[in-house]
Amino acid sequence: MTTQPASTAEPADGIDSDAPEEVAEPSPEPKQRRWFRYTLPGAWAALVLICLSCTPSLLPRPAAFQGFVCGVNGAIGYGLGVVGAWLWRQFADRPARPARPRSWRVFLIVGAVALLVSYLLGRRWQNQIREVMGVLAEGFGTPLLLPIVAVLVFVGLIAAGRGLRTVFRWIAGRLEKWMGRRAARGLGWVLVVGATVATLSGVVLDGAIAVADRSFSRLDTTTNDAVQGPLSPVRSGAPDSLVPFDTLGFQGRNFAGTASKAWST
């Protein structure tokens with residue numbers, strides 16, 4: 001009886017020794033959210049609306065308020081650019097592609113020139129409106145608030161929008177345990193949008209209106225030093241007028257006082 005050759009022992013883990021050794025793939029790292037990362041289409045649309053925000057207005061705007069307007073319009077433009085690029089990809093049936101570094105360099109050069117020109121022209125137009133309306137010019141350092149406020153408002157609004165998107169995804173993920181994916185996403189959007197509108201209209205908007213009302217109420221009790229009440233009884237605010245001078249308000253007293261001088265000469 002011939003003895004069989006001893007068979008080679010199998011590996012302890014049961015893997016064939018002749019098979020190529022498999023390399024364990026590293027587990028994918030959790031995707032980190034980049035709150036300060038922006039897309040090129042959104043950046044172009046934001047640039048256009050920011051430049052348009054510097055065009056002349058009917059009333060002179062303080063630098064801080066002009067910066068707020070630029071930041072809000074820039075955030076709106078960024079959202080429109082992102083949505084427009086998404087719709088274009090849907091019609092073209094192609095995935096999103098990262099922008100080339102050369103495209104970003106072109107945007108940075110064009111954007112820097114466009115923002116500088118819009119800023120200088122905007123300040124010039126605002127000063128012309130102040131001269132026409134007899135409003136004192138702002139201090140030397142006040143215009144520096146414009147870009148600071150604009151950047152803070154723009155970044156804050158974009159971050160708030162992305163935060164709402166994160167909340168929507170979290171709510172939709174929880175709702176998918178009890179309903180279909182489409183229904184969960186639809187209901188999630190309704191809940192997030194409804195809560196946002198209720199918060200803004202009930203807290204932020206009411207608070208902003210209250211602050212503005214108190215601010216303008218204090219301003220409405222003042223009058224420019226060079227303004228005096230009219231003397232003609234046919235003018236509003238005169239001693240014999242049915243409308244007392246102190247009830248005309250800030251702009252009314254200024255107009256009645258300066259107009260009476262112009263008509264008397």
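## Briefing: an all-α chain and its α2/α4 crossing

Helices α2 and α4 cross in a right-handed sense. Their axes come within 7 Å, at a crossing angle of roughly 35°. Keep in mind that this is a predicted model. Here's a quick tour, starting with the whole chain and then zooming in.

**Overall layout**
- The chain has six helices and zero strands, so going by the DSSP runs it reads α-α-α-α-α-α along the sequence.
- Of its 265 residues, 21% are buried.
- Take the contacts with a separation of 6 or more: 70% of them come from residues 24 or more positions apart.

**Where α2 meets α4**
- Helix α2 covers residues 63-92, while α4 runs over 145-175.
- The axes cross at roughly 35°, and the α2 side of the contact includes Ala63, Ala64, Gly67, Gly71, Gly74 and Ala75.
- Also on the α2 side are Gln66, Phe68, Cys70, Val72 and Tyr78.
- From α4, the contact draws on Leu146, Val149, Ala150, Val153, Phe154, Leu157, Ile158 and Arg162.

- Leu58, Leu59, Val132, Met133 and Val135 together make a nonpolar surface patch of about 560 Å².
- One of these residues, Val135, sits in the loop between α3 (101-133) and α4.
- Val135 counts as partly exposed because its relative accessibility is 39%, which falls between the 20% and 50% cut-offs.

Terms used: Residues are numbered from 1 along each chain as its sequence is written. This is a predicted model: local features need pLDDT of at least 70, side-chain atom pairs count only at pLDDT 80 or more; totals for chains, interfaces and linings use all residues. Side-chain values use heavy atoms; hydrogens and water are left out. Patches are made of residues with over 30% relative accessible area and no salt bridge: like charges are joined within 9 Å, nonpolar side chains (Val, Leu, Ile, Met, Phe, Trp, Tyr) within 5 Å. Accessible areas come from the Shrake-Rupley method with a 1.4 Å probe; for residues, only the protein chains shown count as cover. A salt bridge is a side-chain nitrogen of Lys or Arg within 4 Å of a carboxyl oxygen of Asp or Glu. Helices (H or I, at least four residues) and strands (E, at least two) are DSSP runs, numbered from the N terminus. Buried means under 20% relative accessible area, exposed over 50%, partly exposed in between (1.4 Å probe, protein chains only). Contact means heavy atoms within 4.5 Å. Axes are lines fitted to C-alpha atoms, for helices over the stretch in contact, and angles run from 0 to 180 degrees between N-to-C directions. A crossing is left-handed if the near helix is turned anticlockwise from the far one by less than a right angle, and right-handed if clockwise.
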